[in-house]
Amino acid sequence: MKVLMLTREYPPHVYGGAGVHVEHLAREVARHAEVEVRCFGDQDSGPGNPRVRGYRFGDDETVAVDAPARDALRAAVAGIHAVSDPIEADVVHCHTWYTHWGGMLARLGFGLPLVVTVHSLEPRRPWKREQLGGGYDLSTWIERNAIEHADAVIAVSSQDREDVLRLYDVREDRVAVVPNGVDASVYRRAPDPAALAARGVDPAVPYVLFLGRVTRQKGIAHFLRACARLPAGVQVVLCASSPDTPEIEAETARAVEALGRRRRVVWIREMVPREVAIALYSGAAVFCCPSVYEPFGIINLEAMACETPVVATAVGGIRDVVADGETGFLVDPRSSRTDGEPDDPERLAEALAAALARLLRDEELRRGMGHRGRDRAVREFGWDRVAERVLEVYREVAGRSATDGRNER
């Protein structure tokens with residue numbers, strides 16, 4: 001079988017979980033099939049399996065308009081370029097809405113079966129309208145058309161699948177659940193005090209860790225609010241970059257400054273290399289994931305694989321990953337809002353702080369949860385198992401395409 005994967009992110013240009021997912025999935029699928037990855041960037045791996053080729057995005061002069069819709073238009077142009085080169089594939093597999101336009105063109109223009117993995121859903125992120133205006137309308141339209149016309153949709157969690165079926169016109173038998181994975185041979189406990197100290201973290205002081213993008217989706221404000229309630233002597237490490245807007249970056253900076261007047265706060269404002277992320281996970285007393293919307297939350301798996309207990313909000317796919325009371329604690333954000341923000345932010349901050357404090361004061365509990373977290377990550381979320389399930393989807397859609405000529409919704 002020959003597989004073409006389309007993705008915005010691929011190493012070394014990775015800023016979120018989708019890029020991590022495609023990197024590992026492509027490697028594992030390549031053990032069983034010929035894989036070509038076409039991404040946005042300047043990558044060029046040369047011959048090999050997987051074969052990786054990058055296409056310009058972000059500086060393409062063909063999109064000269066200076067408007068909130070610019071990135072959406074650039075994504076569409078990059079998608080056109082990505083499928084304009086000759087394609088030899090039995091299946092096209094798209095990741096995130098950025099590549100859906102290219103995937104639809106490949107399906108319609110060349111009759112190739114289309115598989116779409118849902119890493120997040122635009123209607124579940126309404127705050128993007130504030131930032132992107134018509135760009136958000138365009139990305140939502142592209143996503144809707146790709147999902148509703150795909151030969152198969154892969155959701156990364158059970159909640160993700162429910163959201164797809166609720167929001168879009170898709171047949172139930174066309175939506176499979178295949179979770180993200182973690183490479184437990186890479187993500188494992190590896191303390192590195194020197195790496196921590198090099199980034200301003202005091203290895204001798206217990207710390208709680210947040211790692212993620214500076215966006216409302218990741219709940220960074222709720223994390224900082226919770227940390228203000230922690231016992232004295234606890235260090236806060238914020239590894240957070242790629243702000244959605246200058247406004248949320250400034251808002252976060254003000255919150256960090258205020259918190260820093262009460263306790264030690266280290267803000268690492270970069271996407272750190274993998275080995276540094278592993279050192280941060282390994283050195284943390286507790287990892288916190290306070291997302292208001294999270295289709296899966298691969299960062300929780302990474303922390304668990306490094307034997308670090310997790311405190312997270314009980315939203316989306318996080319509930320499929322973190323075993324409450326066994327590998328960490330889940331906190332209900334109690335939200336009735338369409339954007340996932342909690343009805344009572346102060347109550348959420350108190351609940352997060354209470355769960356964090358419980359683990360901070362009980363080393364034996366932390367150790368036990370850490371061991372069970374790694375066991376769960378290794379047992380249930382290996383990339384080999386993920387690839388096997390994705391290959392089953394490929395075979396199914398390729399078989400339908402060969403039988404029917406063109407799959408119908």
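What follows goes from the whole chain down to single residues.

**Ground rules.** I'm reading a predicted model, where local features need pLDDT of at least 70 and side-chain atom pairs count only at pLDDT 80 or more, while totals for chains, interfaces and linings use all residues. Residues are numbered from 1 along each chain as its sequence is written, and side-chain values use heavy atoms, with hydrogens and water left out.

**Overall build.** I looked up the secondary structure and got 15 helices and 13 strands for the protein chain. Helices (H or I, at least four residues) and strands (E, at least two) are DSSP runs, numbered from the N terminus. The C-alpha trace spans about 65 × 45 × 40 Å along its principal axes. For 409 residues, a compact globule would have a radius of gyration near 22 Å, and the chain agrees with its 21 Å. That radius is taken over C-alpha atoms, and the globule rule is 2.2 Å times the number of residues to the power 0.38.

Of the 409 residues, 58% are buried. My cut-offs: buried is under 20% relative accessible area, exposed is over 50%, and partly exposed is in between (1.4 Å probe, protein chains only). I also looked at contacts, meaning heavy atoms within 4.5 Å. Among those between residues at least 6 apart in sequence, 66% join residues at least 24 apart.

**Charges.** I found 53 positive and 61 negative side chains, with the centres of the two sets 3 Å apart. Lys and Arg count as positive and Asp and Glu as negative, without His and the chain ends. Each charge is placed at NZ of Lys, CZ of Arg, CG of Asp or CD of Glu.

**Cysteines.** C39 is buried at 0% relative accessible area, and C288 is buried at 1%.

**Two helix residues.** T252 is part of helix α9 (residues 246-260). Buried or exposed, I asked of T252? It counts as buried because its relative accessibility is 4%. Apart from neighbours within four places in sequence, T252 touches V214, I220, L224, L238 and W267. S84 belongs to helix α2 (residues 70-84) and is exposed at 53%. I checked S84 against A106: 22 residues apart in sequence, 8.9 Å apart C-alpha to C-alpha.

Another goes from N49 to P50, with omega near 5°, and P50 is in the loop between β2 (34-40) and β3 (51-55).

R334 has phi near 50° and is found in the loop between β13 (328-331) and α13 (345-360). R334 counts as exposed, at 51% relative accessible area.
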